[in-house]
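Look at the structure first, then read on.

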Amino acid sequence: MSFQKVFTRWTDDPASHTLAFYESKGGYESARKAIRDWAPDDLIEEVKASNLRGRGGAGFPTGVKWGFVPKQTDKPKYLAVNADESEPGTFKDRVIMEKYPHQLLEGIIISCWAVGIHTAYIYIRGEYVFAYRRLVEAIEEAYAKGYLGDKVLGTDFKLDVTVHRGAGAYICGEETGMLTSLEGERGQPKLKPPFPAIEGLFGCPTVVNNVETLANLPYILEIGSEAYKKVGPERSPGPKLFCVSGHVERPGTYELPMGVNLLSLINDTCGGIWKGRKLKAVIPGGSSAHVLHADECDVAMDIESLAAAGSMLGSAGVIVMDDQTCMVNALVNVMRFYHHESCGQCTPCREGTGWLEKIVHRIAYGHGKREDLERIDQICGRMVGKTICVLADAAAFPAWSFTQKFRDEFLQCIDNGGSPAVKARHPDRIGGGLHV
Ligand SMILES: Cc1cc2nc3c(=O)[nH]c(=O)nc-3n(C[C@H](O)[C@H](O)[C@H](O)COP(=O)(O)O)c2cc1C
Ligand code: SF4
């Protein structure tokens, strides 16, 4: 079967976001089919059979997650759509919301029908102003045409969708942090269990799904789970958006089958490493993922293959670094981000991210000591698996993998008075910096 693009089929058309355009391409037919032909439980089984895995980062099987929601409950059930998209290097959900907001709405209808949900919230990062406007317009169009509201597609099924804007905190992308923020509280993660499917928004059963995950659903109903499973590797199949940034000739968001080879993505799709330089390293799944050395990049971009390579697909934010990149300086930026975004509830995360930033910073700025590398290892070891959410792990993974895989470069910075990149850019700042 030749590969069919599902998220970027008509992105060049300036009207792709409108209801008229979407309908002209068969839009909302899958939602119609779902409500007309599929009993909710059978639909959950069909999504399980498709092997659709969450696109938000953890890769959890979508149908299985829906199956956890209690069928008999007096409480309302909710869908919370994760459109926070704050992982560094990630900008795929944005394409869907700006260019195909109706495809997301159709996915929302399908999931709500399957799980018996009548209220959905889309939690979108505040910086995505244009995408927010596009979503609001699309929702108004969908209500006016009877795709949303008291009688979805003329049936007795009722569904309301509300968009909620975040205020710029990365931690509100973590599902329980997002739900707390939606409740009007400070966005801080909660211990799991209970998982949101059992006790989520306002204490009620809640499905949390990523934008891209939901936007797959119309296609699954269009071609059926058996055909869907044949797109890419069977255990984590489907069309996939890859966000490529950094030192390639043509950075951007590209739609390819899950499992595309990383080197082919860089060289064939993105035109190779810029300025004729060589590849040094790639972060394959957003900045939380373990960095891959150039020698490790002949790998398939899917959940299992990247896990076997010691990294992860994560949000599929592919950050490419050329041979002139200073890995110490790059790690300073990553560590600054996690320190800034830690919500501060857990001591290993609150303190650990701060210590990591300070130590890496002082290595870059000429104050490093050889024992600092040992100290980074120890701090990371005390962060992973010891906190309420995995932001602490997300900070430790790059710190670990950068310092292990590029140890010589860190040692050179320590022995030679700082990072060459910092010396070139800020010669006056060498010898200064943060101290632990
Ligand atoms: C610190 C942190 C940030 C996250 N940010 C996002 C995000 O911006 N968007 C997203 O969809 N998932 C994000 N996640 C993953 C969510 O917690 C959750 O797994 C996901 O929304 C579930 O949807 P899915 O099963 O469709 O992938 C984040 C997780 C963590 C720990
Ligand atoms: S791990 Fe960090 S971000 Fe997550 S809850 Fe604890 S302090 Fe907050």
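The model is predicted, and the values below are computed from it.

The space in the largest pocket comes to about 1,300 Å³. Its lining is made up of 48 residues, and those nearest the centre are G56, G57, A58, G173 and E174. Two elements give two or more residues to this lining, namely β4 (206–210) and α17 (391–405). Of the elements, β4 gives the most, with five residues.

The second largest pocket holds about 220 Å³ of space. Here 16 residues form the lining, with R9, K25, G26, G27 and E222 lying nearest the centre. By class, six of the lining residues are nonpolar, four are polar and six are charged.

How many cavities of 30 Å³ or more does the structure hold? There is one. About 80 Å³ of space lies in this largest cavity. It is lined by 13 residues, and P189, C343, C346, C349 and C389 are the closest to its centre.

What takes up the space of the largest cavity? Ligand 2 does. Around ligand 2 there are 13 residues, of which C343, Q345, C346, C349 and C389 come nearest. The shell around ligand 2 has nine nonpolar residues, four polar residues and no charged ones. The lining of the largest cavity likewise divides into nine nonpolar, four polar and no charged residues.

| Space | Volume | Lining residues |
|---|---|---|
| Largest pocket | about 1,300 Å³ | 48 residues |
| Second largest pocket | about 220 Å³ | 16 residues |
| Largest cavity | about 80 Å³ | 13 residues |

As for how such spaces are found, rolling a probe the size of a water molecule over the atoms shows where empty space is left.

**Domains**

Into which domains is the chain divided? Domain 1 covers residues 19–228, domain 2 covers 239–322 and domain 3 covers 327–429. The centres of domain 1 and domain 2, taken over C-alpha atoms, are 27 Å apart. Between these two domains, 17 residues of domain 1 are in contact with 20 residues of domain 2.

Terms used:
Residues numbered from 1 in each chain as written. Chains lettered and ligands numbered in written order. Predicted model: local features only at pLDDT ≥ 70, side-chain atom pairs only at ≥ 80, totals over all residues. Heavy atoms only, no water. 1 Å grid on protein atoms, 1.4 Å probe; cavity = no way out; pocket = protein on both sides within 12 Å on 5 of 7 lines; lining within 4 Å. Points joined across faces, edges and corners; volume = space filled by probe spheres on them. Helix = DSSP H or I, 4+ residues; strand = E, 2+ residues; numbered from the N terminus. Nonpolar A, V, L, I, M, F, W, Y, C, P; charged D, E, K, R; others polar. Near = heavy atom within 4 Å. Sits in = over half its atoms within 2 Å of the grid points. Domains from an automatic or database assignment. Contact = heavy atoms within 4.5 Å.
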